Amino acid sequence: MALGLVVVIGMACAALLVRRLDTLRPPPDPNAIDESLYLDGKTARRMSLGFNGLAADWYWMRSLQYVGRKIINVDNVQIDSLARLNLKLLAPLLDTATTLDPEFLDPYEYAAIVLPSINVEEAIRITKNGIDANPNAWRLYQHLGYIYWQQQNYQAASETYGRGAQIAGAPPWMEAMKAKMAADGGSRSTAREIYTRMYEQSADDKVRDMARKRLLQLDSLDQRDAFRKLFAAYQTRMGKCPNSWKEIEPVFRALRVPVDASGAPLDPSGMPYVLRAGACEVDLDPKSEIPAK
Amino acid sequence: METTAAITQSITHTEPRQGKLWRIAAIARNAFREAVRDRVLYNLVLFVLLLTGASIFIGELSGGQERKVIVDLGLSAMLLFGVFIAIFVGVGLVYKEIERRTIYAVFSKPVGRGEFLVGKYLGLCLTLLVNVLVMGVGVSLALLYVSGGWDPLIPTIWPAVLLIYMELMLLTAVALLFSSFSSPALSALLTFMVFIIGHFSADLKSLAVTLGSTSARYLITGLYYLLPNLANYSFITPAAHGRAPAAGFVFATALYALVYIAVILAAATLVFSRRNFK
């Protein structure tokens with residue numbers, strides 16, 4: 001009986017002490033998360049004793065957690081525009097994961113989508129390492145071509161898509177992308193093609209969501225160009241730019257453009273556009289999920 | 001005491017009619033029975049199964065790579081804990097008999113020292129086989145659960161499981177060799193070092209090439225061939241990517257394991273034969 005009481009009271013005291021210790025503990029060092037890795041990929045592989053696949057999984061999950069912890073407190077962030085978040089460890093983490101397991105393709109895709117805005121040289125180097133280790137993986141050429149396209153190096157992008165198209169099992173659109181990139185790399189139709197293929201091919205939900213939002217952004221850009229033409233026509237007729245959506249609402253209704261109660265046209269995500277009164281210009285609603293840039 | 005009585009009874013009943021193989025089988029059967037009664041074994045196997053189950057949840061953090069994580073974690077746990085079982089049960093196989101003095105009762109019968117060692121070895125190999133099969137089924141069930149049905153990775157993990165089992169057989173033989181002349185603690189340490197160095201064998205070979213001194217090069221090359229080349233049995237990562245080893249490769253590694261185990265058991269028998277238990 002006495003011993004039982006000791007156990008119960010002792011555990012209760014221990015729980016209270018833990019709660020007190022939690023309040024007294026100094027806050028975690030915000031810089032600790034960014035301390036350099038003490039093992040590079042080659043050393044980690046040598047030390048893994050045949051458990052390199054598991055170690056690669058560990059570094060891959062660390063990469064996802066590292067990015068996740070940084071973006072969790074930031075609103076409306078796109079995974080292909082994370083330059084402002086100081087993700088200096090992401091390249092070493094992905095490099096280590098792919099060195100430990102060169103056939104692990106998901107880190108290469110992540111490097112191609114997320115890294116270019118942080119460190120484009122590392123993104124290219126890691127993706128090229130993936131191509132060397134997996135010469136039959138046509139998707140890695142798609143990723144590398146995407147990086148070059150983002151850097152507006154359309155010639156390199158075209159060559160990369162062309163090399164990928166030669167690989168057995170590569171879909172026919174890789175060859176079409178090669179031609180499109182060479183002829184019209186900077187156009188919206190090329191961008192639309194790239195993001196459509198990315199959305200179709202990727203198994204990663206975050207990458208698909210990014211591609212979906214970029215496609216909505218392209219639709220929105222087309223819409224806003226059309227609105228600017230309407231504003232120009234309005235200005236020619238009325239001698240001024242519209243000051244409110246109500247002034248131009250009848251035109252939208254005639255063109256069957258979806259509008260809200262205030263007459264504001266809706267963007268592809270369903271949020272109303274914001275009119276810059278008297279400026280013949282239209283912006284996205286700050287709450288819209290469509291990326292502004 | 002129970003084990004010794006069972007062994008001597010089996011041998012009395014089988015000898016002289018059925019001979020050497022029956023004596024070895026009797027010792028193996030009893031070594032298996034003794035090993036499966038060890039609670040540490042059950043706990044280690046249970047821990048591996050728990051880890052495999054946990055890998056389903058860990059996989060949630062992997063961005064859609066649950067199946068890869070299950071195979072990597074499940075097979076890695078199988079190898080690591082299999083190594084612990086091979087070492088800690090293996091070094092105790094002979095030592096326990098000597099410490100309890102039951103070995104005198106065994107050798108009072110017409111049982112050769114080599115037969116005794118081989119029987120003990122085969123008994124532990126049978127134990128490891130059962131453990132590895134249970135763990136392999138655990139990984140397969142986890143894959144079935146995550147995939148919601150048949151998973152094409154299931155048939156590819158079993159050749160990797162076979163290679164893991166062959167590696168464990170090799171390490172068990174090494175543990176038995178060390179335990180035939182050394183204390184259990186030292187035997188366990190030496191066997192674990194062989195496990196580590198065995199996985200560094202590719203580095204040993206490249207080190208030999210880069211060394212300037214001829215004698216050092218010969219020494220390192222000698223070590224490369226002397227120590228078991230365990231890196232050949234590591235097929236966990238390719239299995240997680242759906243690749244199975246070629247049949248020729250599996251055959252060659254099996255032959256290597258067979259030859260190496262025969263050499264180690266012969267060396268162990270040589271050492272053990274000269275040992276005086278008085």
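Let me start with one residue, Cys280(A): with 17 C-beta neighbours inside 10 Å, Cys280(A) counts as partly exposed. On that scale, a residue is buried if 20 or more other C-beta atoms lie within 10 Å of its own, exposed if 12 or fewer, and partly exposed in between, with C-beta atoms placed from the backbone. Before going on: this is a predicted model, in which local features need pLDDT of at least 70 and side-chain atom pairs count only at pLDDT 80 or more, while totals for chains, interfaces and linings use all residues. Residues are numbered from 1 along each chain as its sequence is written, and chains are lettered from A and ligands numbered from 1 in the order in which they are written.

Back to Cys280(A). Its place is the loop between strand S1 (274-276) and strand S2 (281-283) of chain A. Helices (H or I, at least four residues) and strands (E, at least two) are DSSP runs, numbered from the N terminus. Cys280(A) is not a glycine, yet its phi is positive, near 55 degrees. Asn86(A), also not a glycine, has a positive phi of about 55 degrees. Asn86(A) sits in the loop between helix H3 (52-71) and helix H4 (90-100) of chain A. Asn86(A) is partly exposed, with 13 other C-beta atoms within 10 Å.

Now chain A as a whole. It has twelve helices and two strands. How spread out is chain A? Its radius of gyration is 26 Å, well over the 19 Å that the globule rule gives for 293 residues, so chain A is more spread out than a compact globule. That radius is taken over C-alpha atoms, and the rule is 2.2 Å times the number of residues to the power 0.38. Along its principal axes, the C-alpha trace of chain A spans about 90 × 60 × 30 Å. Buried residues make up 34% of the 293.

Chain A is divided into domain 1 (40-211) and domain 2 (223-283), with bounds from an automatic or database domain assignment. Taken over C-alpha atoms, the centres of the two domains are 39 Å apart.

Next, the cores. A nonpolar core is a set of buried Ala, Val, Leu, Ile, Met, Phe, Trp, Tyr and Cys residues joined through C-beta atoms within 7 Å. The largest has 125 residues, of which Leu75(B), Ile164(B) and Ala173(B) touch the most other members. Helix H7 (residues 153-179) of chain B gives the most to this core, with 18 residues. Another core lies apart from it and has seven residues, among them Phe227(A), Trp245(A), Ala264(A) and Val282(A).

As for H7(B), 21 of its 27 residues are buried, so this helix is largely enclosed by the rest of the structure.

Last, where the chains meet. Here, 19 residues of chain B are in contact with 17 residues of chain A; contact means C-beta atoms, placed from the backbone, within 7 Å. Which helix of chain B gives the largest share of the side that touches chain A? H4(B) does, with five residues. By class, that side of chain B has seven nonpolar, nine polar and three charged residues. Ala, Val, Leu, Ile, Met, Phe, Trp, Tyr, Cys and Pro count as nonpolar, Asp, Glu, Lys and Arg as charged, and the others, Gly among them, as polar.

Note on methods:
Contact = placed C-beta atoms within 7 Å.
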